[in-house]
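I opened the notebook to record, entry by entry, what I looked up in this structure and how each term was meant.

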Amino acid sequence: MERVPIQLTVNGQSYQVEVEPRMLLVHCIRDVLNLTGTHIGCDTTSCGACTVLWNGRPVKSCTVFAVQADGGEILTVEGLERDGQLHPVQEGFWEEHGLQCGFCTPGMMMTAVALLQENADPSEEEIRKAISGNLCRCTGYVNIVKAIQYAARKMRETVPAAVGIAGGE
Amino acid sequence: MIPGPFSYRRATSIEEAIALLQQYGGDAKVLSGGQSLIPMMKFRLAEPAVIVDINRVPGLDTIEERNGLLSIGGLVRETTLERSPLIRQRYPIIADTAEVIADPLVRNLATVGGNLAHGDPANDHPATMLALRAEVVARGPSGERVISIDDFFVDTFTTALAPDEILTEIRVPAPPPRSGGAYMKFERKVGDYAVAAAAAFLALDEARKIVRAGIGLTNVSYKPLRAEAAENALLGQAPSDELFRAAAELAAQAADPTSDLRGPAEYKRAVARTMTFRALQKALSRAQAA
């Protein structure tokens, strides 16, 4: 069976792995690299639970082959915390109770991180548009929006370098 | 779900990609954004033996106007398209279309070329490109050929592209004076395919009569549909709601939807009528502002 050697930088750490071409990026992240923070929800490109940043852009990692990402930078939810300090987006979800069951949360947070990198002060409408590919069946989104607004405020008040993250563009 | 096994070939030039397609013929599939192909492979609706990844082929991701034409590279991502100042200012109908495709995460990877080359009548760009009378550029072993959008869509999931050809570029005529277009999509929820959608493009002469009309319909037939009778009814006329209602009725009559989970055929026909009417209204307001 064909196996392809690939190199991925995930959360700042370089990995050399061999994968079958048909292996999805999310399976590589979870089953090969053992980073299980990234969830598999629908597996049909609908729910966004598997969202990771690939070269800085949020994508559904169930709809990318791992071989496609060869040489690329991936950021998963495990890469958000720094030195025991939650990322402002994580802190926002904690403070504003932006979750109930928590299944969509890692993907939701990765989309939020990407949004706030591009737009430091998004309107509620911009937030709702940005997360429209991430489905939450519990919260009704109200507290998720509040959590992202909390993070935006926090990040604007903080020195940018302090919230810089690996795996971005 | 895990797709069937395949061999992976990454092309680094268009020549290499075409050579790979020549080598593997009908067993190969081009991987662009992958946002339709990979889901189809998971369901085993597509089981290509070879995947030719063109994502690292340079030169296919530019958006520019030259010689009276807008040129969109086949690998331009939907996100890039919807954010492009050139597209937003000069071709708002294309921005309308890009920003209602799937969801923002899918649009970060999905490409314009893929949206057309997939040949899915539920995809959104085909109707807009029909309304704009675009041309598709295909590269193959014997070079480049230009295909009229009217000849491009052959059947459901079937286009005029040969197995060893790649869609490299879409060409759209630059907008004439006093022209405008709009895309109106009705969907059950964010990210869904259209129940029905309509693209409309209008150009007015100095006397404010309609001199160019384009209407394309999404997901109401076995392939993307041009509403030709509706277009002809508009030509030479002064725009009015009454005229637009008559044209929308002709567009609805041209639609041939099938009943499914998105609704019965008659409902979809009614949605096509309403979307056509609204797209014409918005196209007119843009033409008047231009």
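**Entry 1: two helices in chain B**

I began with a crossing, and found that helix 11 of chain B passes helix 12 of chain B in a right-handed crossing. A crossing is called left-handed if the near helix is turned anticlockwise from the far one by less than a right angle, and right-handed if clockwise. Before going on I noted that this is a predicted model, in which local features need pLDDT of at least 70 and side-chain atom pairs count only at pLDDT 80 or more, while totals for chains, interfaces and linings use all residues. Residues are numbered from 1 along each chain as its sequence is written, chains are lettered from A and ligands numbered from 1 in the order in which they are written, and side-chain values use heavy atoms, with hydrogens and water left out.

The axes of helix 11 (residues 241–254) and helix 12 (residues 265–289) of chain B come within 8 Å and cross at roughly 140 degrees. Contact here means heavy atoms within 4.5 Å.

**Entry 2: a helix pair in chain A**

I then turned to helix 3 (residues 105–118) and helix 5 (residues 142–157) of chain A, which pack at an angle of about 40 degrees with their axes 11 Å apart. That makes helix 3 of chain A oblique to helix 5 of chain A, and helix 3 passes helix 5 of chain A in a right-handed crossing. Which residues of helix 3 of chain A meet helix 5 of chain A? They are Met108(A), Ala112(A), Leu115(A) and Leu116(A), and their partners in helix 5 include Ile148(A) and Met155(A). By class, this contact of helix 3 with helix 5 of chain A has nine nonpolar, no polar and no charged residues.

**Entry 3: an open sheet in chain B**

Next I looked up an open sheet of three strands in chain B, which has the order 1-3-2 with parallel pairing. Strand 1 (7–10) and strand 2 (28–31) of chain B stand at the edges with a single partner strand each, so one side of each is left without a neighbour in the sheet. Strand 2 of chain B is joined by four bridges to strand 3 (residues 50–53) of chain B, and in strand 3 the bridge partner of Leu31(B) is Asp53(B). Two strands pair if DSSP finds at least two bridges between them.

**Entry 4: what is buried**

Last, I asked where the chains are covered, taking buried as under 20% relative accessible area, exposed as over 50% and partly exposed as in between (1.4 Å probe, protein chains only). Seven of the eight residues of strand 10 (residues 166–173) of chain B are buried, and strand 10 pairs in the antiparallel sense over five bridges with strand 6 (residues 135–140) of chain B. Glu82(B) lies in helix 3 (residues 78–83) of chain B and is buried, with a relative accessible area of 12%.

Notes:
Axes are lines fitted to C-alpha atoms, for helices over the stretch in contact, and angles run from 0 to 180 degrees between N-to-C directions. Angles under 35 degrees count as roughly parallel, over 145 as roughly antiparallel, 65 to 115 as roughly perpendicular and the rest as oblique. Ala, Val, Leu, Ile, Met, Phe, Trp, Tyr, Cys and Pro count as nonpolar, Asp, Glu, Lys and Arg as charged, and the others, Gly among them, as polar.
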